[in-house]
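The points are grouped by topic.

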Amino acid sequence: MGLSYLSFEPMQLENAQRNRVLPCLFPWIILSAFTVFWIVFFAFTSPQPGGTDVFVFRDAGCNWAAGRGLVAASVPHANTVMPMLFASYTPGALILFGLAASLFGCSGWMDTFYNLVLASAACFLLYRCFSLAVASGWQRVTAAVLLGAVLPTGLVVFDSDRPEMPAFCLMVLLLLLWRDAKGATGKTLVLASVGFVFLIHPYAGIAGWLLLAFLLVFSDQDTEPAAWTGRLRVIFAGSALYALVVAAWALAMWWQDPTSLHRFLQHAVGQGTGAGVVLHGATTGHSQSAPLVQNGYAVALRQLFNPAFPVGAAFAVSLLGSAVVVAVYALRGPGRARRLVECGVLILVLVIFPFAVFPRQANYFGLSRALLLAVLLIGGYPLSRGLRGSMAPLYLMLIAFAFTAPWAALEILQSVDARASYYQEQEQAKRVSAYLEQHGVHNPPLLVDSGHYFLYKPYFSNLYNRSYVEQGDATSQFRALVLCYSASRAFSRAQLPWEDALQRDSWRLIDGGEDAVRVTVLGHPVMRRNWSWMCDVYSRQLTGK
């Protein structure tokens, strides 16, 4: 009897441990299964088109991977004949991409899977934060399913080829390290490391510093320096090291090109870009004598809530909705005054700050929404502790999912319906390269839209974004022009729009790609735009024909 009892007790313990471990592992298995699904899906459909900002956040990285240096010639409001040291943004995102491109090449497939790896990392990190805050098994499984269903977006942004995703991943890693750091030295080093987030995404770097300072000031954990003088020392020391990281980058830029810092500031706070939309207004058109400039906030709001492009409004509304949920829970229970102060600081940093300074940057709102969720899940202060024991974390994730899922679904449909046209356009890019080579035009400056960047980059290193050409710019340097149907309402050559700056009479068609691809569900169109990859390619008058 005694022997049977002794043999039965270890079995009970083993079963109890298994019953605890399996529910914890199940959400991770779900996320892993979704990751495999999305990898297979994109492998058997087609790569994602280049994002709107592919020339800003990929071109210099591709050039660096090819040994030409971290240079670019086509940037917003500053096209140059010869490539110059990239200075339109901080270089972190380009260097990360350049490292990947140096190993796997600069192609649409590499870019698609690079973005997918970052998005997967964002989802796994978010779920890690969620699992720290929520003990309920069904809530964890629900969160894993929600994250996996929209995994290509990372629940952060919809646009590909942007720096928000790597900045968010690094910032969440630092939040997790902050949570586990013991003593002043560890927290000082974590705070200093936010300087590297700044080098990827300046807004994320500033917001990240404010969030860590917030966690230190409002913390009620024993691991924090108890005296206010100790907390201030952490903030000052960490901030000094943070500033040193940024200063090292600025000095390196200036040493390589004395004009680079001026060009960086021109892009960050110049008219029509970055914070310059607020400082100087926004250009909305041209009169006979000069550009028309209107109030930056008015133009930004019209663009943000443009019914033709509802993605920006989805980011803004979902961020505001998340802030409302947090405010509602802050009003509940004892200690309301302190929780309201904490709620106010978070809303100031992650809602009011981006709306006030970067009202035209809808992607910043998606990043802020994801950071708000992460910092609430990390915990360590009264407001977070109150939310962690409620349904609020799942509500916040549901809000993010509801405003992200439609665009993920359209991306799936677009990839499926446009698969055949992608391979046709790939052949067209080869034909255009061969045609120009036959006529003695080697590696000419070529105008192309951002979505087709990776199709033409392997054949033409001197690509320029067609949308960056402005009225009055010299266009004689461009020897070929690619006009594409994708994302336009043109289904025939006659409907394709031409910018006035390109002077249509100066070009002649050398390769036609008139095509129509509609995104459909059960045979019924769900979008009015053409999503064919095909393009019409033009050249200036060439000799020898």
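Helix H4 covers residues 92–104, and its 13 residues reach 19 Å from the first C-alpha to the last, close to the 18 Å expected at 1.5 Å a residue. The coordinates come from a predicted model.

**Helix H4**

- The buried residues of H4 are Gly92, Ala93, Leu94, Phe97, Gly98, Ala100 and Ala101.
- These buried residues pack against helix H2 (54–57), helix H3 (59–65), H5, helix H8 (183–200) and helix H21 (453–456).

**Aromatic pairs**

- The structure holds 30 aromatic pairs.
- One of these is formed by Trp38 and Phe41, an edge-to-face pair with 5.7 Å centre to centre and 80° between the planes.
- Both Trp38 and Phe41 lie in helix H1 (residues 2–44), where they are 3 residues apart, about one turn of the helix.
- Trp38 and Phe41 are both buried.
- Phe97 and Phe454 form a tilted pair, with 6.3 Å centre to centre and 55° between the planes.
- That pair links distant parts of the chain, as Phe97 is in helix H4 and Phe454 is in helix H21, 357 residues apart.
- Phe97 is buried, as is Phe454.
- Phe97 and Phe454 also belong to a cluster linked by ring pairs, together with Phe55, Tyr114, Tyr453 and Tyr468.

**Cavities**

- There are 4 cavities of 30 Å³ or more in the structure.
- The largest cavity holds about 160 Å³ of space.
- Its lining consists of 17 residues, of which Asn115, Pro152, Asp159, Ser160 and Met165 are the closest to the centre.
- Two or more lining residues come from each of helix H5 (108–133) and helix H7 (164–180).
- H5 gives the most to this lining, with 4 residues.
- By residue type, the lining of the largest cavity divides into 8 nonpolar, 5 polar and 4 charged residues.

- Helix H16 runs over residues 362–378, and its 17 residues reach 25 Å from the first C-alpha to the last, close to the 24 Å expected at 1.5 Å a residue.
- H16 is mostly covered, with 17 of its 17 residues buried.
- Gly379 follows H16 and has a positive phi, near 80°.
- Ser384 is located in helix H17 (residues 382–388).
- Ser384 counts as buried because its relative accessible area is 0%, and the cut-off for buried is under 20%.
- Apart from neighbours within four places in sequence, Ser384 is in contact with Leu376 and Gly379.

**Arg431**

- Arg431 is part of helix H20 (residues 419–438).
- Arg431 has a relative accessible area of 40% and is therefore partly exposed, since that class lies between the limits of 20% and 50%.
- Arg431 and Ile510 are 79 residues apart along the chain, and their C-alpha atoms are separated by 9.8 Å.

Terms used
Residues are numbered from 1 along each chain as its sequence is written. This is a predicted model: local features need pLDDT of at least 70, side-chain atom pairs count only at pLDDT 80 or more; totals for chains, interfaces and linings use all residues. Side-chain values use heavy atoms; hydrogens and water are left out. Buried means under 20% relative accessible area, exposed over 50%, partly exposed in between (1.4 Å probe, protein chains only). On a 1 Å grid over the protein atoms alone, a cavity is a set of points where a 1.4 Å probe fits but cannot get out, and a pocket is an open set with protein on both sides within 12 Å along at least five of seven lines; lining residues have an atom within 4 Å of a point. Grid points are joined across faces, edges and corners, and a volume is the space filled by probe spheres set on the points. Ala, Val, Leu, Ile, Met, Phe, Trp, Tyr, Cys and Pro count as nonpolar, Asp, Glu, Lys and Arg as charged, and the others, Gly among them, as polar. The expected span of a helix is 1.5 Å times one less than its number of residues. Contact means heavy atoms within 4.5 Å. Rings of Phe, Tyr and Trp (its six-membered ring) pair if their centres lie within 6.5 Å; planes under 30 degrees apart count as stacked, over 60 as edge-to-face and the rest as tilted.
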